[in-house]
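Please consult the sequence and the structure as you read.

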Amino acid sequence: PLTPRLLAALALSDRGADVVRKLVASGGEKIDRTDAQQMNALAYALAEGEVAAAARLLKAGARADALVGQQPVPVVVIPLMARQFEAIRMLRKAGVDYGRIRIDGVSVLDTVRRSGDQDLLRALEGGSGKSAAGRA
């Protein structure tokens, strides 16, 4: 079996993602398999800021609601912690509803609302995620 990190690396290209899809479709690989760090391929792609690879992994069947990490959280929370607005937009476009993603029973959207982070809130609600003052 391939490691999650290797699956993420394959997804860096369209050709590699085709290989991943074929392996998953044949039953030869489990796309949401986790490693010793409890990370899966989608988690590695998101943690490394590889938005296109993450999108390819989702198309290959990666679950957006998979729990990852030593303190398990939904994989789609990774870009929130890193404030990766492009990844958040891609995940929303892929159908992720952050109002339905919960950590300890509280929706991620509610947690961000309470934090007062307006840029992150805009990204989760469909805006650009960057205020006019935050643009370069």
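Helices (H or I, at least four residues) and strands (E, at least two) are DSSP runs, numbered from the N terminus. This is a predicted model, in which local features need pLDDT of at least 70 and side-chain atom pairs count only at pLDDT 80 or more, while totals for chains, interfaces and linings use all residues. Residues are numbered from 1 along each chain as its sequence is written, and side-chain values use heavy atoms, with hydrogens and water left out.

Q: Where is Glu29 found?
A: Glu29 lies in the loop between α2 (14-25) and α3 (41-47).

Q: Why is Glu29 called buried?
A: Buried means under 20% relative accessible area, exposed over 50%, and partly exposed in between (1.4 Å probe, protein chains only). Glu29 has a relative accessible area of 7%, and therefore Glu29 is buried.

Q: What makes the approach of the Glu29 side chain to the side chain of Arg33 a polar contact?
A: A polar contact is a pair of N or O atoms within 3.5 Å; within protein, one must be able to donate a hydrogen and the other to accept it, and residues adjacent in sequence count only if both atoms are side-chain atoms. The side chains of Glu29 and Arg33 make such a contact at 3.4 Å. The side chain of Glu29 also reaches the backbone nitrogen of Leu2, at 2.8 Å.

Q: Which residues is Glu29 in contact with, leaving aside its neighbours within four places in sequence?
A: Contact means heavy atoms within 4.5 Å. On that basis, Glu29 is in contact with Pro1, Leu2, Leu7, Leu23 and Val24.

Q: Why is α4 called roughly parallel to α6?
A: Axes are lines fitted to C-alpha atoms, for helices over the stretch in contact, and angles run from 0 to 180 degrees between N-to-C directions. Helix α4 (residues 51-59) and helix α6 (residues 85-93) pack at an angle of about 20°, with their axes 10 Å apart. Therefore α4 is roughly parallel to α6, since angles under 35 degrees count as roughly parallel, over 145 as roughly antiparallel, 65 to 115 as roughly perpendicular and the rest as oblique.

Q: Which residues meet where α4 and α6 pack?
A: From α4 come Val51, Ala54, Ala55 and Leu58, and they meet Glu86, Ala87, Met90 and Leu91 of α6.

Q: Which residues of α4 are buried, and what covers them?
A: The buried residues of α4 are Val51, Ala53, Ala54, Arg56, Leu57 and Leu58. Their cover includes α1 (4-10), α2, α3 and α6.
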